[in-house]
Amino acid sequence: MFDIIWLLTAGGPANGTRTMPVLIYETAFKGYRLSEAATVSVIATVLLLAFALVTARALDREEN
């Protein structure tokens with residue numbers, strides 16, 4: 001939910017609403033650290049994929 005958070009708070013007071021997409025955007029386009037932002041994006045994608053696979057297997061076991 002990058003767009004709503006960015007438009008309303010831009011990360012919020014004291015980074016209260018800073019999410020992973022906001023962090024990646026700020027790192028890439030405000031800090032001009034594109035390689036660091038790409039690395040964070042890839043790591044987040046791998047972690048989310050692993051979580052999705054574990055969840056899918058757990059739900060499949062419950063059905064059987």
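Glu26 touches Trp6, Ala10, Arg18 and Gly31, leaving aside residues up to four places away in sequence. These contacts come from a predicted model. Glu26 sits in helix α2, which covers residues 20-30. Is Glu26 buried or exposed? With a relative accessibility of 14%, Glu26 counts as buried, because the cut-off for buried is under 20%.

One of those contacts is also a salt bridge. The side chains of Glu26 and Arg18 come together at 2.3 Å, N to O. The two partners can be set side by side: Glu26 is buried at 14%, whereas Arg18 is partly exposed, with a relative accessible area of 36%. The count of salt bridges comes to 2. Arg33 and Glu36 also meet through their side chains in a salt bridge, at 3.0 Å from N to O. Here Arg33 is partly exposed, at 41% relative accessible area, and Glu36 counts as partly exposed too, at 39%.

Back to helix α2. Besides Glu26, the buried residues there include Val22, Ile24, Thr27 and Ala28. What do the buried residues of α2 pack against? They pack against α1 and against α3, the helix that spans 34-63. Just after α2 comes Tyr32, which takes a positive phi of about 55°.

How many aromatic pairs does a search of the whole structure find? The search turns up 1. The pair is made by Tyr25 and Phe29, with 5.3 Å from centre to centre and 50° between the planes, and it is tilted. An α-helix has 3.6 residues a turn, so residues three or four places apart point the same way.

The last stop is a patch on the surface. Which residues form the nonpolar patch? Met1, Ile4 and Leu8 do, and together they have about 370 Å² of accessible area. Leu8 belongs to helix α1, made up of residues 2-8. With a relative accessible area of 68%, Leu8 is exposed, since anything over 50% is given that name.

Key:
Residues numbered from 1 in each chain as written. Predicted model: local features only at pLDDT ≥ 70, side-chain atom pairs only at ≥ 80, totals over all residues. Heavy atoms only, no water. Patch = residues over 30% accessible without salt bridge, like charges linked within 9 Å, V, L, I, M, F, W, Y side chains within 5 Å. Areas by Shrake-Rupley, 256 points an atom, 1.4 Å probe, with all protein chains shown as cover. Salt bridge = Lys/Arg side-chain N within 4 Å of Asp/Glu carboxyl O. Helix = DSSP H or I, 4+ residues; strand = E, 2+ residues; numbered from the N terminus. Buried < 20%, exposed > 50% of the residue type's maximum accessible area, 1.4 Å probe, protein only. Contact = heavy atoms within 4.5 Å. Phe/Tyr/Trp six-rings, centres within 6.5 Å; stacked < 30°, edge-to-face > 60°.
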